[in-house]
Amino acid sequence: MNRLLILGAGTAGTMAANHLAKVLDHDWSITVVDRDVDHHYQPGYLFVPFWMDPDRVLKDRRDFLPGRATFRQEAVRLVHPGRRQVELAGGDLLDYDWLVIASGSVPRPDLVPGMADGALWRDTVHEFYTHEGAVALRDALPASTPAGCSCTCAASASPPTSPWSGSTTSAGGWSPTTAASCPSTCW
């Protein structure tokens with residue numbers, strides 16, 4: 001049996017597993033490794049600070065993997081390319097014939113002088129490229145939003161669409177005219 005090993009079950013790893021499950025013969029095994037089971041729908045982070053419940057951008061990774069894939073929940077410790085093996089944090093060794101590394105990216109605010117220095121990070125300097133960052137920005141916004149101003153994501157003429165349900169999703173008070181009716185001090 002040939003062995004396909006995919007490190008990372010985020011968007012790229014999940015897409016690779018699904019595509020390759022369709023084109024590889026059944027003499028291939030497919031194993032996907034990730035340190036946790038939460039799939040983060042990162043484009044949804046944009047909506048978290050303004051109206052979306054943070055849990056809506058989290059789904060179980062295993063629900064998106066093809067049925068023939070085996071999922072291992074564990075961190076990767078080391079890749080041994082010469083031996084065609086991956087060592088997991090618990091010590092298990094996984095052999096592979098093909099290896100796909102789709103371990104994602106991590107924001108590095110520390111590389112921009114002043115961005116992540118000291119107490120300002122996630123207090124007055126925010127990002128929404130991580131789940132934690134989007135929630136921190138959401139928690140910081142009410143204090144800086146003028147009273148009576150409901151500023152949400154209203155850049156289009158229709159409410160945002162959920163990537164999973166295919167139906168429109170809106171929270172209390174959303175309207176395409178919300179941004180236009182807010183004072184100029186509300187962003």
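Q: Where in the chain is M115?
A: M115 lies in the loop between β9 (98–101) and α2 (131–144). Helices (H or I, at least four residues) and strands (E, at least two) are DSSP runs, numbered from the N terminus. This is a predicted model: local features need pLDDT of at least 70, side-chain atom pairs count only at pLDDT 80 or more, and totals for chains, interfaces and linings use all residues. Residues are numbered from 1 along each chain as its sequence is written, and side-chain values use heavy atoms, with hydrogens and water left out.

Q: OK. What does M115 count as, going by its relative accessibility?
A: M115 counts as partly exposed, at 32% relative accessibility. Buried means under 20% relative accessible area, exposed means over 50%, and partly exposed is in between (1.4 Å probe, protein chains only).

Q: Which residues make the nonpolar surface patch?
A: L111, V112 and M115 make a nonpolar surface patch of about 260 Å². Patches are made of residues with over 30% relative accessible area and no salt bridge; like charges are joined within 9 Å, and nonpolar side chains (Val, Leu, Ile, Met, Phe, Trp, Tyr) within 5 Å. The areas come from the Shrake-Rupley method with a 1.4 Å probe, and for residues only the protein chains shown count as cover.

Q: Zooming out, how many helices and strands are there?
A: The chain has three helices and nine strands. Read from the N terminus, the order is β-α-β-β-β-β-β-β-β-β-α-α.

Q: And how much of the chain is buried?
A: Of the 187 residues, 36% are buried. The accessible surface of the chain is about 11,000 Å², with 54% of that belonging to carbon and sulfur atoms.

Q: What sits in the largest nonpolar core?
A: That core has 15 residues, and L4, I6, I30, V32 and F71 are the ones that touch the most other members. β1 (2–7), α1 (11–23), β2 and β5 each supply at least two of its residues. The element that gives the most is α1, with four residues. A nonpolar core is a set of buried Ala, Val, Leu, Ile, Met, Phe, Trp, Tyr and Cys residues joined through side-chain atoms within 4.5 Å.

Q: What does F71 touch?
A: Leaving out residues up to four places away in sequence, F71 touches A9, V32, D34, D36, V37, R61, R62 and L65. Besides the core that F71 belongs to, there is a second, separate core of nine residues, including F47, V48, V57 and V135.

Q: V57, then. Where is it?
A: V57 is in the loop between β3 (38–40) and β4. V57 counts as buried, at 2% relative accessibility. V57 and H131 are 74 residues apart in sequence, with 8.5 Å between their C-alpha atoms.

Q: Two of F71's contacts were D34 and R61. What do R61 and D34 form?
A: R61 and D34 form a salt bridge, with the closest N and O atoms 3.5 Å apart. The pair links distant parts of the chain, 27 residues apart: R61 is in the loop between β4 (58–60) and β5 (69–73), and D34 is in strand β2 (residues 28–34). A salt bridge is a side-chain nitrogen of Lys or Arg within 4 Å of a carboxyl oxygen of Asp or Glu.

Q: New topic. How many aromatic pairs are there?
A: There are three aromatic pairs. F47 and W51 form a tilted one, 5.9 Å centre to centre, with 45° between the planes. Both F47 and W51 are buried. Rings of Phe, Tyr and Trp (its six-membered ring) pair if their centres lie within 6.5 Å; planes under 30 degrees apart count as stacked, over 60 as edge-to-face and the rest as tilted.

Q: Why is the F128 and Y129 pair stacked?
A: The ring centres of F128 and Y129 are 5.6 Å apart and the planes are at 20°, so the pair is stacked. F128 is partly exposed, at 30%, whereas Y129 is exposed, at 56%.

Note on methods. Contact means heavy atoms within 4.5 Å.
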